[in-house]
Every structure is written in C-alpha cells, then in structure tokens.
Amino acid sequence: KLLNSLLPRLSFSNITALAPMVRVGTLPMRLLALDYGADVVYCEELIDIKMAQCQRVVNEVLETVDFVAPDDRVMFRTCERERDRVVFQMGGMGAALLSDPDKIEAILKKLVTGVGIPVTCKIRILPSVEDTVSLVRRIEKTGVAAIAVHGRFKEERPRHPVHCDYIQAVSQAVSIPVIANGGSLDLVKKNGDIEEFRKATGASSVMLARAAMWNASVFNSQGPVPVERVMEEYLKYAIRYDNNAFNTKYCLCQMLRDKVESPLGKQVQAAQTNAEIRYSFMTLGCDRQIQEQQQVRRDALQNGSQPDKPVMDGDVITMAVKFERREYPPQITPKMFLLEWSRKEKLEQPFYETVQRAQDRAFQSTVMVAEKKYRSSLWEKSKKFAEQAAAIVCLRVLGIPEGRIGEEDSGLVCKRKRERKVNGSAEEEISKKLSGHYNPSCFPYRIEGILFRPKKQKQR
C-alpha cells in the first residue's frame with residue numbers, strides 16, 4: 001500500500017487516449033500514439049486467466065518487461081517509455097456483462113480494493129438512456145477512477161452512427177471523468193475534430209480507436225502526417241522491440257486501408273518477417289543502427305557471463321567466440337585442424353549447417369562432429385567466418401589445437417598441406433576431380449537452412 005501511494009497516478013480528466021483494440025494495441029502502436037500526442041494508451045484486451053499463467057521476464061537486450069506464456073508467446077510487452085501512461089486492459093467480455101449489473105459491480109469492487117492503482121471501466125450503451133445512466137451510477141459507486149462509454153449498442157457495428165446524446169447524459173449524471181468513444185466513423189477525421197467530439201458528448205476526455213489505427217498522427221496537434229511516413233515510424237518500433245511479424249503486418253494493412261492491394265500492400269501481405277516488411281519500405285538506415293545496438297548488448301551480456309565457458313542450447317554446445325583471421329597464419333584455419341583430427345580419429349568429416357539472419361544478413365554455423373553439435377553464439381559477417389567460429393568451439397571444447405599463431409605445432413596438419421593451402425583449398429579439389437577421385441556427394445552444404453546435395457553422377 002505504501003508503494004502504491006508513492007506511484008504516480010494516471011489522470012483521466014481532459015485527456016486524449018488510444019482506445020483498447022484487439023491485435024492493434026501492442027507496444028509499437030502504443031509508443032507511436034504517444035509520440036504523436038496521445039496522453040494515455042490502452043493495451044489490447046488480454047484474458048486474465050491466460051495472464052495468470054505468464055512469467056514476468058526482464059528482456060535486457062530489448063530493454064523491456066515481458067509477460068511470457070508457457071508456450072513462449074509474449075502476451076504483453078512494455079518499456080520505460082510508456083511508464084505511467086499505459087493502461088492494462090483485462091478482458092471479461094464486457095458487452096456480455098451488460099445484462100448482469102450485479103456481476104459488473106462485484107468485479108469492479110474487487111479490483112478497486114485489491115490492486116491499489118487506478119481502475120477504469122469501459123462499456124457500451126444500453127437500449128435506453130435511463131438504463132445506461134442507472135448502470136454508470138452503480139459503476140461510479142465502486143470507486144473506479146473513470147468510465148469510458150462507447151456510444152453504440154452492443155449489437156451495433158462501426159458503420160452505425162455514434163449516439164452522442166447517450167454519452168452526454170452519462171457525463172451529466174456522474175462526477176468521475178467520462179471518456180467518450182466511438183466517433184471515428186463520422187466525427188473524428190483529424191486532430192481538430194477531437195475537441196468537437198468532446199463538446200458534442202459533454203465528456204471530460206476522448207478515446208480514439210479506428211481513427212488512430214488508420215493514422216496515429218490524428219493525435220498530432222500540428223496536423224496530419226502522410227500515412228506512409230506514419231507506417232515507417234511504426235515499423236521502426238516494430239523492429240526495435242521485436243514485435244510479432246504477423247501482428248506488424250496486420251497493423252500496417254489496417255493503415256493501408258483501401259491501398260492494401262497496391263504494390264506496397266501486396267509486398268507487406270507477402271512478407272513473413274519484420275525484415276521483409278522493412279525492405280518493402282526501404283528503411284535501411286535507422287533499423288540497422290538499432291540491430292547493431294542490440295548486438296552490442298548481446299555481446300556485452302555474453303561476455304559478462306564467462307564467454308569461454310561452454311553452454312548447452314538445446315542439443316548444441318555453444319560458446320561466445322568469434323573467428324579473428326589475424327590470429328591464424330595465412331595457410332592455417334581451425335576448419336583444417338578439425339578435419340585432420342576427424343580423419344586421425346577415423347570419424348566422419350565435420351558437417352556444417354549455416355543459417356543467415358534476415359535482419360542484418362549475418363551468419364551462424366553449427367558443426368556436427370561425432371554425433372555432437374557445436375556452435376558459436378555470436379553471429380559472423382560471412383558464411384566462411386561462421387563455419388570457422390563453429391570449428392573453434394568444437395576444438396576448444398574437445399581440447400584440440402586450432403592452429404593459432406604462437407601455438408605449439410601439434411602435427412595435425414603436415415607441412416605439405418600447409419604449403420598447398422597457400423594457393424587455396426580449391427587446388428586440392430581440382431586435382432581430385434581431374435584424377436577421377438572427386439565425389440560431389442561427399443561435399444554437402446547448407447545455406448539459410450536449406451540443404452543442398454549435388455546429384456550423384458551416373459556410372460557409365
């Protein structure tokens with residue numbers, strides 16, 4: 001209780017808020033609305049039963065606090081930027097509860113006395129003004145800080161006009177702030193219309209849903225911003241905070257509206273990742289800087305947790321190591337040492353599986369040796385370097401020399417092979433091919449998670 005008394009309390013008087021919207025009110029949209037001038041932002045409706053199963057996780061890379069479900073889905077993500085400005089909406093199927101005022105009253109009383117922070121309630125209007133006023137007066141007595149009124153009946157859809165007279169009657173009947181909602185269809189098309197909607201309803205505040213979803217710059221007192229620019233600003237937040245790609249795509253398509261079948265719209269719909277969406281907008285500067293900053297944080301965290309110590313990641317042994325070419329003689333590489341050691345131990349040759357990260361085109365490789373997998377947790381700038389880093393991890397875990405400058409000669413790579421490597425490894429392969437001993441099936445490789453094997457040549 002002492003802590004709650006010290007926390008800043010949200011004010012709901014004379015504010016403009018982003019309304020709660022399913023699949024829209026995630027962190028990128030909330031931050032975008034705040035940037036353009038919203039005073040308070042509501043998150044999307046979240047089911048309280050599911051949230052009770054979530055684990056609170058501090059994400060040091062993204063600098064967020066996440067609530068993660070048992071299946072690893074991030075149900076709610078927040079950050080310092082929206083502290084004291086965000087309202088967490090718990091779902092209770094409010095429209096269905098309109099027919100049970102006793103349950104509404106019981107739920108709100110429990111929340112008000114139990115959580116110690118401001119509680120608000122959002123309803124739709126009842127069939128008559130009298131019934132609506134009677135309900136909100138009961139709600140006011142529970143101790144809620146404000147009540148939002150969506151001026152439509154529960155069976156009405158967005159195409160129906162909003163009933164401003166109902167909201168006005170509610171505003172006059174209670175002393176707590178009333179937040180008017182439902183004016184996006186006809187009444188609120190630009191920032192100047194917000195005040196007109198407030199006056200028409202007599203409400204203390206205004207809450208916007210679809211008008212903000214279509215173009216968040218409706219909150220901007222300086223005037224509207226082209227939707228394409230708003231979409232780019234949204235996308236930066238989606239990338240910065242690793243938003244679910246399908247959620248990103250959904251929100252952008254809502255902004256496109258009737259342009260969803262345009263060339264840009266089709267590219268957005270076809271995209272499968274935030275990076276692919278980003279390329280559609282050709283926003284290559286800011287987000288690359290963000291990715292680099294996140295990688296620096298990852299490296300710092302990894303370096304602070306004993307990078308030389310092997311860690312199990314599923315069935316893969318990982319270490320935070322990078323391949324530094326200057327640390328090895330020109331004719332020597334860790335892959336060479338690993339291959340020679342495998343031959344000496346009569347094992348199958350090391351098998352490398354390499355993937356490429358879409359957002360920054362970096363590579364990570366996993367090598368399999370003796371039915372065990374090894375990988376560096378750090379990403380490399382090229383496929384070759386990624387494979388060398390994986391080889392280093394394997395060699396260090398097994399305690400095998402890797403050929404670094406100053407390292408005592410282990411005898412794994414003989415002088416003849418060292419000299420041959422000066423002219424490149426291709427010389428050996430060409431020699432084998434010309435002599436009739438070249439078998440392409442012995443050289444499988446993977447790029448971006450897809451396995452390629454050259455077809456076996458038919459024997460004549």
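Visitor: What makes the contact between the side chains of D35 and R81 a salt bridge?

Guide: In this predicted model, the side chains of D35 and R81 approach to 2.9 Å, N to O. A salt bridge requires a side-chain nitrogen of Lys or Arg within 4 Å of a carboxyl oxygen of Asp or Glu, and therefore the pair D35 and R81, at 2.9 Å, qualifies.

Visitor: Why is this pair said to tie parts of the chain together?

Guide: D35 belongs to helix α2 (residues 27-36), whereas R81 sits in the loop between β6 (74-78) and β7 (86-87), so the bridge joins parts that are 46 residues apart in sequence.

Visitor: Is D35 called buried, exposed or partly exposed, and on what value?

Guide: The relative accessibility of D35 is 40%. Buried means under 20% and exposed over 50%, with partly exposed in between; D35 is therefore partly exposed. For R81 the value is 36%, which gives partly exposed as well.

Visitor: What makes E387 and K335 a salt bridge, and where do the two residues lie?

Guide: The closest N and O atoms of E387 and K335 are 2.7 Å apart, which is within the 4 Å cut-off. E387 is in helix α16 and K335 in helix α15, 52 residues apart.

Visitor: Which residue forms a salt bridge with E327?

Guide: The partner of E327 is R404, with the closest N and O atoms 3.0 Å apart. E327 lies in the loop between β14 (316-319) and α15 (334-344), and R404 in the loop between α16 (383-398) and α17 (415-422), 77 residues apart.

Visitor: How many salt bridges does a search of the whole structure find, and which residues are linked in a network?

Guide: The search finds 21 salt bridges. D102, E105, K109 and R138 are linked in a network of such bridges.

Visitor: Why is the largest nonpolar core said to lie between domain 1 and domain 2?

Guide: This core has 83 residues, and I123, I139, F219 and L252 have the most contacts inside it. Its largest share, eight residues, comes from helix α10 (residues 227-240). Domain 1 (16-225) and domain 2 (229-300) both contribute residues, so the core lies between them.

Visitor: Which residues does I139 touch, residues up to four places away in sequence not being counted?

Guide: I139 touches I104, L108, C121, I123, V144 and I147.

Notes:
Residues numbered from 1 in each chain as written. Predicted model: local features only at pLDDT ≥ 70, side-chain atom pairs only at ≥ 80, totals over all residues. Heavy atoms only, no water. Helix = DSSP H or I, 4+ residues; strand = E, 2+ residues; numbered from the N terminus. Buried < 20%, exposed > 50% of the residue type's maximum accessible area, 1.4 Å probe, protein only. Core = buried A, V, L, I, M, F, W, Y, C linked by side-chain atoms within 4.5 Å. Domains from an automatic or database assignment. Contact = heavy atoms within 4.5 Å.
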